Amino acid sequence: MTESEILQALQTVINPATGKDIISERMVKDIHIHNKNVFFIIEIGAPDAETKGRLNAACEEAILKHVDKDAQVNVTFRPTMAKKAPAPSSANPLPGVKNIIAVVSGKGGVGKSTVAANLALALSASGATIGLMDADIYGPSMPMMFGLRGERPMMKEDESGKGKIIPIEKYGLKIMSIGFLVDEKQAVVWRGPMASSAIKQFVTDVEWGELDILVIDMPPGTGDIHLTLLQTIPLTGVVIVTTPQDVALADAKKGIAMFGQAQVNVPILGIVENMAYFTPAELPDNKYYIFGKDGGKNLASEYDVNLLGQIPIVQAIREGGDKGVPVVAGDDEITKAAFRDLAGKTIHYLHKRNDDHEPTSPVQIVE
Ligand SMILES: Nc1ncnc2c1ncn2[C@@H]1O[C@H](COP(=O)(O)OP(=O)(O)OP(=O)(O)O)[C@@H](O)[C@H]1O
């Protein structure tokens, strides 16, 4: 057996997250052959047991069929997290954070916070260190979604004597919300420069430590807060959440336009279509397209943006958010699988972005 025979055989194995083969996706590393034994590593974003099992079987079948029917195939899976730091540290107030993903939506109420929270949890389940920042200054929802209402974060001084906020840990995530610092009603009245300076301070004063990915739940729309964040921290990419409804899609287009602008130029990792369909528990094979069918999917192909996932309307998602146990931390396996799939695709396109593009620098806005 030779390495090139193994590489050829593995070209027939498909990455379920993307539909492309695992060789052209550069997932196979360190092939080592010893007598009838073949050892190699597969790097994969957020590997769950089922995906690993399927890939393992497919690799074995390909090698036995195309190379040697007596081969012993030994696959090791390694999560591929966050290879590159996003920006030169002089311009980056969060030097320990390797990647920053902003979850945005054009329209309010499309499930942006729900997606941000469950995406962060699904990413963390694959072994990466994840932070979740709720920057939704006009309606912070993470305290409620994580059962942390009324909690206050600890403070500590850094080497220069500056006060730093320590994120609160829950379900393995480091979480910080503007709702932990101010009264919920007070946050809503901030506007204009006051809101911008509050968000800037908030972002730079949190002690995140080392993170593979910081997920930011942004306020809905495309306003001053977004510009302030773009100027303050180097976003690695954005995830746009929409429902399939026309009004939501129209606003999602504004988001695509804003982040794609030449002066801003933050890569869009993809679109999440939330509330894509409803399946009643008693009729698991039926899908009802309450807000329209495939609106997010069509938007993605119209703008040549990746579709990261189509999340159904599930009562457990709404209940989880209200109860303070996001669905990925609960036990609804079908919904968890939808978010796991979303996390896998997000990691895949994050890597692709880091391979294909230069690190993002904070946006310089000429006044
Ligand atoms: N896929 C889903 N299935 C069922 N309920 C959902 C789903 N996604 C979101 N929800 C519910 O819809 C409501 C709005 O969701 P969420 O707060 O995440 O939206 P948002 O876009 O962040 O809103 P805002 O604009 O206020 O920030 C919540 O009650 C949430 O639990």
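This is a predicted model: local features need pLDDT of at least 70, side-chain atom pairs count only at pLDDT 80 or more; totals for chains, interfaces and linings use all residues.
Q: Which residues touch the most other members in the largest nonpolar core?
A: That core has 81 residues, and the ones that touch the most other members are V103, L119, A120, L132, L214, V215 and V238.

Q: And which helix gives the largest share of this core?
A: The largest share comes from helix α3, which spans residues 112–125 and supplies 9 residues.

Q: Take L214, then: what is it in contact with, leaving aside its neighbours within four places in sequence?
A: With those neighbours left aside, L214 is in contact with L94, V97, I100, G131, M133 and W208.

Q: What other core lies apart from that one?
A: Another core, of 17 residues, lies apart from it, and I6, V28, I63 and A71 are among its members.

Q: I6 is in α1, I think, so which residues of α1 are buried?
A: In α1, the buried residues are I6, A9 and L10. Seen down the axis of α1, these buried residues fall within an arc of 95°, so they line one face of the helix.

Q: What covers them?
A: The cover over the buried residues of α1 includes strand β1, strand β2 (37–44) and helix α2 (49–66).

Q: Switching to α9, which of its residues are buried?
A: Helix α9 runs over residues 295–302, and its buried residues are G295, G296, L299 and A300. They are on the same side of α9 because they cover an arc of only 135° around the axis.

Q: What follows α9?
A: The helix is followed by D304, whose phi is positive, near 55°.

Q: New topic, the ligand: which residues come nearest to it?
A: There are 20 residues around the ligand, and of these G108, G111, S113, T114 and G321 come nearest.

Q: How many residues of each class does the shell have?
A: By class, the shell around the ligand has 7 nonpolar residues, 10 polar residues and 3 charged residues.

Q: What does UniProt annotate as "binding site"?
A: According to the UniProt record, which is an unreviewed entry, the annotation "binding site" covers G106, K107, G108, G109, V110, G111, K112 and S113.

Q: K107 is on that list, so where does it sit, and is it buried or exposed?
A: K107 is in the loop between β4 (97–105) and α3, and K107 counts as buried because 20 other C-beta atoms lie within 10 Å. Leaving aside its neighbours within four places in sequence, K107 is in contact with P220, V247, A248 and D251.

Q: And V110, where is that?
A: V110 also lies in the loop between β4 and α3, and V110 is buried, with 27 other C-beta atoms within 10 Å. Beyond its neighbours within four places in sequence, V110 is in contact with S105, V241, T242, T243, A248 and N274.

Q: Let's look at strand β4 itself: is A102 buried or exposed?
A: A102 is found in strand β4, and A102 counts as buried because it has 25 C-beta neighbours inside 10 Å.

Q: How many residues apart in sequence are A102 and V239?
A: They are 137 residues apart in sequence, while the C-alpha to C-alpha separation of A102 and V239 in space is 6.2 Å. With its neighbours within four places in sequence left aside, A102 is in contact with I216, M218, L235 and V238.

Q: Last one: what is phi for R26?
A: R26 is not a glycine, yet R26 has a positive phi of about 55°. Its place is in the loop between α1 (3–10) and β1 (28–34), and R26 is exposed, with 12 other C-beta atoms within 10 Å.

Q: And for D30?
A: Phi of D30, another residue that is not glycine, is positive and near 50°. D30 lies in strand β1, and D30 counts as exposed because it has 10 C-beta neighbours inside 10 Å.

Definitions and conventions. Residues are numbered from 1 along each chain as its sequence is written. A nonpolar core is a set of buried Ala, Val, Leu, Ile, Met, Phe, Trp, Tyr and Cys residues joined through C-beta atoms within 7 Å. Helices (H or I, at least four residues) and strands (E, at least two) are DSSP runs, numbered from the N terminus. Two residues are in contact if their C-beta atoms, placed from the backbone, lie within 7 Å. The arc is that of the directions from the helix axis to the C-beta atoms. A residue is near a molecule or strand if its C-beta atom, placed from the backbone, lies within 6 Å of it. Ala, Val, Leu, Ile, Met, Phe, Trp, Tyr, Cys and Pro count as nonpolar, Asp, Glu, Lys and Arg as charged, and the others, Gly among them, as polar. UniProt positions are given in the numbering used here, feature names are shortened, and annotations may be inferred rather than shown by experiment.
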